[in-house]
Structure formats: structure tokens, C-alpha cells
Amino acid sequence: MSPASGTRAITNATLATCVGGRYGLLERGAVAIAGERIAWVGHSDALPALPRDTERLDVAGALVTPALTDCHTHLVFAGSRAREFERRVEGASYEDIARAGGGILATVRATREAGEEALLALAVARARALLAEGVTTIEVKSGYGLDLENELKLLRVARRVGQSLPVTVHTTLLAAHTVPPEHAGRADDYVDLVVEDILPAAAAEGLVDSVDAFCERIAFSPSQVRRIFERARQLGLPVRLHAEQLSDSRGAALAASFGALSADHLEHLHEDGAVAMARAGTVAVLLPGAFFFLRESRPPPVGLLRRHGVPIAVASDFNPGSSPLLSLRLAMLMGCTLFGLTPAEALAGVTVHACTALGLGAERGTLEPGKLADLVVWDASHPAELVAQFGTDRPRLILRRGQPVG
Ligand code: NIG
Ligand code: FE
């Protein structure tokens, strides 16, 4: 039950505010919450006078952070690609399998056959697993429908996930994920369909918060991506891009030239791409789950991103083919062990910078007055503990918009 005044105060906390992308540690800190928003952050001793019925929670030194944001997932799909994994372990590459009609297209076949309710049940179960580890904001891409009816079906399911659970869903249209079988060998015709039909229809239904594409030699060329981004711009929609995952297609610079919210993967990023991203404020979303599961050997150039001041986010990339990783906490750890991020960068990468990557930075991602009161009290006393351990669920309390979850 909420207090009548809607006011809560968490006191005696170790706060990691994440302001400025640093831990922003404050010992013996307190957060006052009025309704949905953070009203005050400071030292427990300095807590201002609050209404008498304020619900007070002394957390005895426990860590409090902003709730986590998973800013890159492919949460809505049916079927399994475990047999592909067997083939990859025996030597086939991800690209070989895709060229032979497997990969993303295998999931497209299973997903087209699945009804909306079945897809929703699968997606809600996945989102619930993320929520259990403190994730209250999730980006969800389409991309396994690849025709008008099925792309809209996936986006509707994504929106319904946000109505079924206390999570905020940012929907991304990824119709340009790969060329569907009915357009095999005619990628430009499929891009026409995306630009003329799928994108405007999805936007008209209010189903699109941003537009993504897969820029890669097994998917779409920079000039095809450009056409999609131009249409998105006409419709007033922000863009993001799967860029430089398997090869250098100069996708990051293209994305930056459209002021993209993010460019994601980036294993093959070069310096000019990093410079363009820094200028445009495009967030680098690193996806260690895909790097790990595809057994890649070339990590993204973290030093280059740091040198040019590109904000770095970390996400699960949860999907059936390249990153069946349903844990943002493990993605944080892998960001450190595989890519050399510091735990502070990993935490910033799932809070403040992840929210910027979704265009939600003004409302979420740090503990600051005025922001939404999405936060987590952890069974931990220092943020490094959130990273340097895996296989554990440690939220003691999750608040979303000021209300306890669960
Ligand atoms: O982010 N790179 C493209 N898309 C996904 C993979 C999707 C799949 O294999 O089903 C990714 O890794
Ligand atoms: Fe992805």
C-alpha cells in the first residue's frame, strides 16, 4: 500500500547515482520520492521534513542504484536455434548458416507461424526474467516478421509486454533485419516495401519509437539503410543501427550522420566512425553476449570510444541466434571480462547511457531530483558487487515509478 501522500524515503543507503556516467557514490545517502518521481537526493542527515505518513525504509548501508535498462533486445520471437549452435560448434560460421537460409530466416519462419497470444506469452516470460534482475526499461525490436502483417504483429506484442508487466517498453522497427524469402535476390524491392508500406503503417499505428536496420554484407548495404533512415526522418522517428558487427560497412558513420540514438555491436568500428559518433552524441551499444556466443575474437575498440568520449552502453541483445542471453547482469560482467570495461562503465552502460540510447535520458537512468523513481535496492554494499558475481539475483526491492514491483 502506498502512503496517502505518496511519499517514500529510503535512508542510510550507499547510493550510486550514476550521474555523469560515474558511480557517483554517496555513503549514508537518502532518496525521497514523491509519487512517481525522485524529489530529493542527499545525505540521510540532511533529509528535509517530509509528510507524517511518509513510508520510510532504512536500508542499513545497502546499495541503491537507478533501475537497469536493457537498450537492445529481440525479445519477441518463436522457435529455437539450438541446432544451429551445434553446427557452429562443428565449424559452420554464422554467415554460412545465414547464406544457406538458416539464421534469422529460421526464426522468421517460426515467428510467422506463431499467433499473437503465443508470442506474447513467450515475450512476457522473458521480460519477467529481466525485471527480476532489476530491469524496468526494455527496448524490444521487431525483425522476425519481415512483412507488413508480421512486423506489426511483433510490435503490437512488444507494446503489450509493457501493459502486462511493470516495465517500460521502447519499440524499435527492425523490418530491415534481413531480406525475406519472398524477396530473395531483390533486396531493393524489399527496401521499397519497408519504406512505402511497413514503416508508415507501423508509425501510423503508434507502434514505433525508433527505427533500426542491420547494415552488413549478409543484410543491407549503407545505401539501402540510408533510404530507410530518410523515411524515418520524414516521419519524425529517431534511428539506430546494427553496425560493424561482422565487417566494416561504415555503418556507424552513416548512423551518426542521421543523428542516430545508437550504433550497436561495433566490433569492426574504425576511428572515423568513433569521431562521427562522438560529434553526433550517438551512443555505442556493446553486446558482449553476441561476441561470446558467436565465438568472435575481435572485441569492439573500447579505447577508441573512450578517447573520443563516445558514451558506452551495454545490452543483452537477447535473441535466439547470436545472443540467447537473458541476463543484463551477466552482460555487464562480460562487458568487463571480454571487452575490458570497468565495472563503473558497465553500470553506467545499463543505466544512464542505456537511457540516452533510448532517448529517455531526461527522465531516467540516474538518481536525481525530477527523474522517475525507477530504482533498485540491492543485497550488496558496493556497485562492483553487481558486476563481479554471476548467477545471482540480488534486488532486495525494485521500485518502478515510485511503486514496489512484485
Ligand atoms: O543483434 N545482428 C543482427 N541481429 C541479431 C541477430 C539475430 C539473429 O541471429 O536472430 C544480433 O546479433
Ligand atoms: Fe541485435
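**Figure 1. Where the charges of the chain sit on average.** In this predicted model, the mean positions of the 40 positive and 46 negative charges of the chain are 2 Å apart. Lys and Arg count as positive, Asp and Glu as negative, while His and the chain ends are left out. Each charge is placed at NZ of Lys, CZ of Arg, CG of Asp or CD of Glu.

**Figure 2. The chain as a whole.** Here you get 15 helices and 16 strands (DSSP runs numbered from the N terminus: H or I of at least four residues for helices, E of at least two for strands). The radius of gyration is 21 Å, close to the 22 Å from the globule rule for 406 residues, so the chain is as compact as a globular protein of that length. That radius is taken over C-alpha atoms, and the rule is 2.2 Å times the number of residues to the power 0.38. Of the 406 residues, 58% are buried (under 20% relative accessible area, with a 1.4 Å probe and protein chains only).

**Figure 3. A look at strand 12.** Strand 12 covers residues 283–286. Val283 and Val285 point one way, Ala284 and Leu286 the other, and all are buried. In a regular strand, side chains alternate between the two faces of the sheet.

**Figure 4. Strand 12 and its partner.** Strand 11 (residues 262–265) runs parallel to strand 12, joined by three bridges; pairing takes at least two DSSP bridges. Ser262 stands opposite Val283.

**Notes.** Residues are numbered from 1 along each chain as its sequence is written, and chains are lettered from A and ligands numbered from 1 in written order. Local features need pLDDT of at least 70, side-chain atom pairs count only at pLDDT 80 or more, totals for chains, interfaces and linings use all residues, and side-chain values use heavy atoms, without hydrogens and water.

Terms used: Buried means under 20% relative accessible area, exposed over 50%, partly exposed in between (1.4 Å probe, protein chains only).
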